[in-house]
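Here are my notes on the complex, in numbered points. Have the coordinates open while you read.

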Amino acid sequence: MANIYAVKTTVGQERNVAEMLCRRVEKVNREAEELNREAEELNHKAEKLKLNREAEKFNHKAEKLKHKAEKEKYNVYSALVSNEIRGYILVEAQDKTEIDKSLRGVSHSRGLVKGKIPFAEVEKFLEPKSIVTKVKQGDIVELISGPFRGEKARVVRVDQKKEKITVELFEATVPIPVTVDGESIRVIKKEVSEDETSG
Amino acid sequence: MAKKEKACKHCRMITSEDTCIYCNVNTSEEWFGFVYIVNPEKSEIAQKLGVKINGRYALRIR
Ligand SMILES: [Zn+2]
């Protein structure tokens, strides 16, 4: 059974932390694999020996190597980065200890968050929907890419099929509608009551 | 400069190739979400996604 935990990261470094963590796990596990292979060779040698005493020695050494491999390897299974969770990644492992072990020395990781995340919660991130599905006319958004990056705007139209959003920029003297890609925005405020939106 | 990262429209694997080496399907530059699968046998996420090879995958491809 796998357990999933959130790991805090520096904002903007989520992907790097996930990559570094997993590459580290792969490297350590490859080394453990190597020990297991050595152990198997020793077992094989022991099998061919007629002398029980010698064989026992090889088998004993093999046992020790296998034990070492088991102790050294990291039982971490995956790391997930979602655009919907800034400053965190999700790490799947045998248990918490395994994540703690493998996180040591990974830069921009800020430690494990207590509390297991139920798989049902994680499933939501596995089938990410376009941001467009969550945007409504009247929402206030920030453009996060393209020529208007950093500007705030109000949504005037949403095209679900083409995943496009038409907005009016706040900074523009004349509010000209601009159509942008659905992935180039971040919702900063959902549509609120009339008196707050007008004026 | 690093080659642009793309994702296979079929298996979701991230690659710099225009065609996925596993599926022979076109890859896309427009992908979102990221998961690094280290142990496909033990990972529930991998099972849910139908991933059988360890590696880096996109969660949504356009
Ligand atoms: Zn593929």
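1. Helices (H or I, at least four residues) and strands (E, at least two) are DSSP runs, numbered from the N terminus. With that in hand, look at Asp159(A), which stands opposite Lys164(A) in S7(A). The strands concerned are S6 (residues 152-159) and S7 (residues 164-169) of chain A, antiparallel and joined by six bridges.

2. Ground rules. This is a predicted model, in which local features need pLDDT of at least 70 and side-chain atom pairs count only at pLDDT 80 or more, while totals for chains, interfaces and linings use all residues. Residues are numbered from 1 along each chain as its sequence is written, and chains are lettered from A and ligands numbered from 1 in the order in which they are written.

3. How confident is the predictor in the complex, by ipTM and pTM? The ipTM is 0.94 and the pTM is 0.81. Per residue, pLDDT is the predictor's confidence on a scale from 0 to 100. Chain A averages 91, with 96% of the residues scoring at least 70. (Contact here means that the C-beta atoms of two residues, placed from the backbone, lie within 7 Å.) Where pLDDT is low, the predicted coordinates should not be read in detail. Chain B has a mean of 93, and 97% of its residues reach 70 or more.

4. Now chain A as a whole. Its five helices and nine strands follow the pattern β-α-α-β-β-α-β-α-β-β-β-β-β-α along the sequence. The radius of gyration, taken over C-alpha atoms, is compared with a globule rule of 2.2 Å times the number of residues to the power 0.38. Chain A has 26 Å, whereas a compact globule of 199 residues would be near 16 Å. Along the principal axes, the C-alpha atoms of chain A fill a box of roughly 95 × 30 × 30 Å. As for burial, a residue is buried if 20 or more other C-beta atoms lie within 10 Å of its own, exposed if 12 or fewer, and partly exposed in between, with C-beta atoms placed from the backbone. By that count, 24% of the 199 residues of chain A are buried.

5. (Axes are lines fitted to C-alpha atoms, for helices over the stretch in contact, and angles run from 0 to 180 degrees between N-to-C directions.)

6. Which strands make up the open sheet of six? The order is S4(A)-S1(A)-S3(A)-S2(A)-S4(B)-S5(B), with antiparallel pairing. S4 (109-112) of chain A and S5 (55-61) of chain B stand at the edges with a single partner strand each, so one side of each is left without a neighbour in the sheet. Here the twist averages 25 degrees from one strand to the next.

7. Zoom in on S2(A). Four antiparallel bridges join S2(A) to strand S3 (residues 88-93) of chain A, with Ser78(A) partnered by Glu92(A). S2(A) also pairs with strand S4 (residues 31-37) of chain B, antiparallel over four bridges; there, Ala79(A) has Tyr36(B) as its bridge partner.

8. Finally, the contact between the chains, which takes 23 residues from chain A and 17 residues from chain B. On the side of chain A, helix H1 (14-48), strand S2 (76-81) and helix H4 (119-126) are the elements that give two or more residues. By class, that side has 14 nonpolar, three polar and six charged residues. (Nonpolar covers Ala, Val, Leu, Ile, Met, Phe, Trp, Tyr, Cys and Pro; charged covers Asp, Glu, Lys and Arg; the others, Gly among them, are polar.)

Key:
Two strands pair if DSSP finds at least two bridges between them.
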